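Q: I would like to learn how to read a helical model such as this one, feature by feature. Could we take each idea in general terms and then turn to the case at hand?

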Amino acid sequence: MRNHYKVIKIAATFLAGVLTLVPFFINAQSLAKAENKEEVLEGISEIKVETVDDRKAALLTIIDLTLLEIQDLENKLNAFKDLEGRYLDMRSSFLTQLENYTDYLNSIKELLTSSEFTLESIQKLAQELKDWRENEYAATVKNIVNFILSFQNQAILKIADARLGKISLDLKRFKAAKLLETGTLEPFLVKAGENLKKAGLLNDETMILLSTSTTPTIDSVKTVQELVWQSLNEVKLAYKLFFQMSAEVKKLLKL
Amino acid sequence: MNEDILIKILKIFRKIQPAKEYTLHSRREILATPKISHGISTIKMGLLDSFKFSGALMLASLVIFVIFGGLAFFNIKNLSPIMLTSFNDSKLMAESGDFEIKLQEVEYYERSAQEVATLFDEVLKDEKSL
C-alpha cells in the first residue's frame, strides 16, 4: 500500500511539472500566430484615420503587412527543392525583386519613424506608396503566386492521381472478395479519372507557358492564372466524386 | 606416567556441560535472529523496487495522453473497416483541404489589394478634424 502511494506521489510531481510548462508553450504559439498576414489584414478595416499620426500609423501597418506578404512569398519560393533551368532562373529573379521591395519598404519605414510629417507630406508619401503597391508590387505578386501555384498544382495532381489509383485498387479488391457490387461505383471512378486527366493537361499547358515565357516575369498572366484555376477546379471535381463514392461504399457495406 | 594423567584429565573434560540457563538463553537468541533468505521472494522485492519509478512515469504519461485528447485516438469510428481503405474520409478531407488552401491563397492577395487600397483612400482623404 505504501508503495502505491509513492508511485502516485512521483506521478503527481511529474504531472504538475509538465502542466506548469504548458501555458508557456501556448503563449509562445499564440504570439507567433498574431504575426501572420491574415490576422494583420483582418485588423486593417478597423483602423480609424483622423489625425496625421493616424495616417502615419496606417502607413506603417500597410508596410508591415506588405513585409509579411513578401516574407511568406519568399518562404514558399524557397520551399521548392528540385527546380531546374528556366524555372530556377525565374525563382532567383523573383527573390531578387522581393529583396529590393523589402529594402524599399524598410527605407520608408525608417523615414516614417524618424521624421516629422505635415498632412501634405504624409499624403504625398502615401500616394507614392499606393502607386508602388498598385503598379509595381501587385503585378509581381500575381506573377509569383501563379508560379508558386503552378508547382503546387503539380504536387496536388500527384496526390490526387495516387488517390485515384488506390480507390481503383480497392474497388477491384471489393469485387474479388464479393464484398459489394461495384457496378454503381465505376461510373464515378471513370468520371474522376477524366477530371484528373484534364487537370493534368491544363497543368502541362501552364508549365509550357511558364517555360516559354521570354522574360523572367509571366507575360500572359491572365492565361496562366486561368489555366491553374481550371486545373485545380478539375481536381476539386474529382474529389467531390471520391466523397460521393465513399458515401456509396458505406451505404453498400451498411456501415 | 604423564600419559595416564592426561587421559584422566580428558575423561573429566568429557563430562563438562554448559549450564542449563545458558543453553536455554542461547537457543532463544539463535531462534530470534531474522532469517537471511536468497529465495524467489527476495528477487521479487528487488524487481518491484526497480519498476516503482518507471511505473510512476508511465502513470503520469497516461494522464498527460488523456488530458491532451489521447482518448480521441481510441474513437470507435477509427476501428471501422472503411478506415483501412482508400475511402477514408479524413484522408480525403485532408487532401482536398490542401488545394482549397492554395485557392484561398490567391483570394487572399486579391482581398489584401482591396483592403489596402481602401485604407490608402482614407489616408489620402482631406483632413477635417485635425
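Q: What span should the 30 residues of helix α4 (residues 85–114) of chain A have at 1.5 Å a residue, and how far apart are its end C-alpha atoms?

A: A word of care to begin with: this is a predicted model. The idea is to set an expected span, taken as 1.5 Å times one less than the number of residues, beside the distance between the ends. For α4 of chain A the 30 residues should span 44 Å, and the end C-alpha atoms are 44 Å apart, so the two values agree.

Q: Which residues of α4(A) are buried, and against what do they pack?

A: Burial is read here from neighbour counts, a residue being buried if 20 or more other C-beta atoms lie within 10 Å of its own. In α4(A) the buried residues are A:Met90, A:Phe94, A:Gln97, A:Leu98, A:Tyr101 and A:Leu105, and they pack against α3 (52–78) and α5 of chain A.

Q: How many helices and strands does each chain have, and what percentage of its residues is buried?

A: One reads the elements in order and then the buried share. Chain A has 7 helices and 0 strands, following the pattern α-α-α-α-α-α-α along the sequence, and buried residues make up 25% of its 255 residues. Chain B comes to 4 helices and 0 strands, running α-α-α-α from the N terminus, with 8% of its 130 residues buried.

Q: Where is the largest nonpolar core, and which residues have the most contacts inside it?

A: A core of this kind is a set of buried nonpolar residues joined through C-beta atoms within 7 Å. The largest has 40 residues, and those with the most contacts inside it are A:Val235, A:Ala238 and A:Met245. Helices α3, α4, α5, α6 and α7 (221–252) of chain A each supply at least two residues of this core, and α5(A) gives the most, with 14 residues. A second, separate core of 11 residues includes A:Leu59 and A:Ile122 together with B:Leu119 and B:Phe120.

Q: What does A:Ala238 touch, leaving aside its neighbours within four places in sequence?

A: With those neighbours set aside, A:Ala238 is in contact with A:Ala160, A:Ala192, A:Asn195 and A:Leu196.

Q: How many residues does each chain bring to the contact between chains A and B?

A: One can read an interface by counting the residues on each side and then asking which elements supply them. The contact takes 50 residues from chain A and 39 residues from chain B. On the side of chain B that touches chain A, α3 (40–67) and α4 each supply at least two residues, and the largest share, 22 residues, comes from α4(B). That side divides into 22 nonpolar, 7 polar and 10 charged residues.

Q: At what angle do α5 of chain A and α4 of chain B pack?

A: Two packed helices are described by the angle between their axes and the distance between the axes. Helix α5 (residues 119–176) of chain A and helix α4 (residues 89–124) of chain B pack at about 175 degrees, with their axes 9 Å apart. That angle makes α5(A) roughly antiparallel to α4(B). The residues of this contact divide into 15 nonpolar, 3 polar and 7 charged.

Terms used: Residues are numbered from 1 along each chain as its sequence is written. Chains are lettered from A and ligands numbered from 1 in the order in which they are written. This is a predicted model: local features need pLDDT of at least 70, side-chain atom pairs count only at pLDDT 80 or more; totals for chains, interfaces and linings use all residues. Axes are lines fitted to C-alpha atoms, for helices over the stretch in contact, and angles run from 0 to 180 degrees between N-to-C directions. Angles under 35 degrees count as roughly parallel, over 145 as roughly antiparallel, 65 to 115 as roughly perpendicular and the rest as oblique. Ala, Val, Leu, Ile, Met, Phe, Trp, Tyr, Cys and Pro count as nonpolar, Asp, Glu, Lys and Arg as charged, and the others, Gly among them, as polar. Two residues are in contact if their C-beta atoms, placed from the backbone, lie within 7 Å. A residue is buried if 20 or more other C-beta atoms lie within 10 Å of its own, exposed if 12 or fewer, and partly exposed in between; C-beta atoms are placed from the backbone.
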